[in-house]
Amino acid sequence: MTDAPSKTEPPDLTDFSELLEQLFDDARGEILGTLFYLVGNIEDARDALQETFLKCWRKRQELSDITNLRAWVFRVALNTGRDFRKTAWNRRRQSLAEDAVMVSTAESPDSGLVQDEQIQRLQHAVRQLRAEEQEVFLLRQNGELTYEEIAQTTSLPIGTVKTRMRTAIRQLRQSVGDLS
């Protein structure tokens, strides 16, 4: 019985390209939502999303070393969002309320207005969180990452992640009251 010699072949970029494209297709909304809260407006969030994809695409040959692709992509998105936030003063900034109309699926116009107002209050409350709590909250809510994945993504101890999440939830409950 002869064992075949092991070869160290370069990874097949086609497979990694497909994996990356599929992940971005599946998680586009969550990543965009996370970036929106980080950078403060939808135009910059879209630009950051595109930049995130490009950064990931350029590193696709390294994907074989990554154990959790979704967490890695969200980490790249967080870092990109932080970069955009740091340079935001160079760009025109508008809040979501100013540049997008909220569409409601509610039956009556009154309940639609109430729902839109609640959404705006919640968005404002999330933007008021400290950056550390905001990132953990968004990764959990928008990214649907587990606490372990968030710890891996942010390079934080899991206890710190849980503490930041508890702080974020407590502050959001205080800000929006009965909406939570």
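In helix H2 of this predicted model, the residues Ile-42, Asp-44, Ala-45, Ala-48, Leu-49, Thr-52 and Cys-56 are buried, a word that stands for under 20% relative accessible area, while exposed stands for over 50% and partly exposed for in between (1.4 Å probe, protein chains only). They cover an arc of only 145 degrees around the axis, which puts them on the same side of H2; the arc is that of the directions from the helix axis to the C-beta atoms. The face turned away from this buried side carries the exposed residues Gln-50 and Arg-58. Helices here are DSSP runs (H or I, at least four residues), numbered from the N terminus.

Local features need pLDDT of at least 70 and side-chain atom pairs count only at pLDDT 80 or more, whereas totals for chains, interfaces and linings use all residues. Residues are numbered from 1 along each chain as its sequence is written, and side-chain values use heavy atoms, with hydrogens and water left out.

Turning to another pair of helices, H3 (residues 69-86) and H6 (residues 131-141) pack at an angle of about 145 degrees with their axes 12 Å apart, where axes are lines fitted to C-alpha atoms over the stretch in contact and angles run from 0 to 180 degrees between N-to-C directions. Phe-74, Leu-78, Arg-82 and Arg-85 in H3 meet Ala-131, Gln-134, Glu-135 and Leu-139 in H6, contact being heavy atoms within 4.5 Å.

Thr-34, in helix H1 (residues 13-39), counts as buried because its relative accessibility is 2%. Leaving aside neighbours within four places in sequence, Thr-34 is in contact with Phe-74, Leu-78, Leu-138, Asn-142 and Gly-143.

Notes
Helices (H or I, at least four residues) and strands (E, at least two) are DSSP runs, numbered from the N terminus.
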